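Subject: Structure handover

Hello,

Here is the structure I promised to pass on. Please open it first, then read my notes below.

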Amino acid sequence: HGGIEYEPIPAIQRQDLYRQLADAGADVILGHHPHVPQGWEVYDGTPICYSLGHFLFDFRQKYRKPKTEWGLLADIQLDDDSVTNVILRPIEQQQSGPSVQFLSEKSDRLKYLQESRAVINNRGELTSLWQALAIQRYEDYYQDRLDRSLITKFRTGSDEHLRWLQNVSQCEAHRWCIQTATSVLGGTCRDKRQPKDNERLIELRKYTQQGLFNRVKQQILSYV
């Protein structure tokens with residue numbers, strides 16, 4: 001359970017972690033939490049899915065996020081104690097009631113699944129996209145929030161900023177994002193971003209986000 005919500009790719013550190021779990025003997029690794037499907041791979045014989053996305057979230061209408069109302073159903077086939085096969089079946093939530101159905105073969109979401117899988121299986125591309133994503137999130141969210149948390153402390157004497165700092169320092173999803181962005185921007189890590197990374201992220205996010213950064217920025221503006 002982990003990952004950044006509504007993002008199409010995992011952190012490069014998460015790929016390292018899940019591969020370590022596979023090396024330690026895990027038979028299958030299924031990730032959850034980002035609310036959207038991410039790519040998958042078979043690493044040294046171990047199937048790894050970085051995020052299954054949603055199965056069934058019966059949100060009230062005002063809380064609905066249609067781009068998250070789909071995911072992957074993992075069909076794990078066993079022979080005694082051994083995993084013989086894992087089939088990922090795309091599904092989508094039905095608005096007529098709390099139910100799901102298999103995704104149509106004509107759905108354009110299948111293209112996204114193919115592209116996200118290709119990213120996971122290309123370590124160089126995953127690294128460059130992750131750096132671009134981390135820096136975007138740092139500049140759009142963390143940097144302003146860090147500054148404003150200090151302002152809040154001075155204005156109100158509130159310790160809310162300490163609780164937020166505790167969260168982002170202890171949660172590996174936040175921590176990895178900040179560490180990656182600051183190490184690249186600070187020059188302590190090689191910048192592996194490519195010129196078309198931002199365009200690539202925009203295309204992938206068409207299937208996972210709905211004005212997320214606009215909502216984040218509005219939250220920041222109303223924070224103090």
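Start with Arg148, which sits in helix 3. Keep in mind that this is a predicted model. Arg148 is partly exposed, at 24% relative accessible area. That value is not under 20%, so Arg148 does not count as buried. Now look across to His161. Arg148 and His161 are 13 residues apart in sequence. In space, their C-alpha atoms are 8.6 Å apart.

Next, the core. Which residues touch the most other members of the largest nonpolar core? They are Ile9, Leu72, Trp130 and Tyr142, out of 41 residues in that core. Several elements give two or more residues to this core, including helix 1 (12-23), strand 3, strand 4 (70-79) and helix 2. Helix 3 (123-156), helix 4 (160-170), helix 5 (172-185) and helix 6 (197-205) are also on that list. Helix 3 gives the most, with 10 residues.

Now the surface. Phe55, Leu56, Leu73, Val100 and Phe102 make a nonpolar patch of about 420 Å². Phe102 belongs to strand 6. Its relative accessibility is 52%, which is over 50%, so Phe102 counts as exposed.

Is Asp44 buried or exposed? Asp44 is exposed, with a relative accessible area of 68%. Arg19 is 25 residues from Asp44 in sequence. From C-alpha to C-alpha, Asp44 and Arg19 are 8.8 Å apart in space.

Ser107 has a relative accessible area of 18%. The cut-off for buried is under 20%, so Ser107 counts as buried. What lies 3.1 Å from a polar atom of the Ser107 side chain? The backbone nitrogen of Arg109 does.

Best wishes

Key:
Residues numbered from 1 in each chain as written. Predicted model: local features only at pLDDT ≥ 70, side-chain atom pairs only at ≥ 80, totals over all residues. Heavy atoms only, no water. Buried < 20%, exposed > 50% of the residue type's maximum accessible area, 1.4 Å probe, protein only. Polar contact = N/O pair within 3.5 Å; in protein donor to acceptor, adjacent residues only side chain to side chain. Core = buried A, V, L, I, M, F, W, Y, C linked by side-chain atoms within 4.5 Å. Helix = DSSP H or I, 4+ residues; strand = E, 2+ residues; numbered from the N terminus. Patch = residues over 30% accessible without salt bridge, like charges linked within 9 Å, V, L, I, M, F, W, Y side chains within 5 Å. Areas by Shrake-Rupley, 256 points an atom, 1.4 Å probe, with all protein chains shown as cover. Salt bridge = Lys/Arg side-chain N within 4 Å of Asp/Glu carboxyl O.
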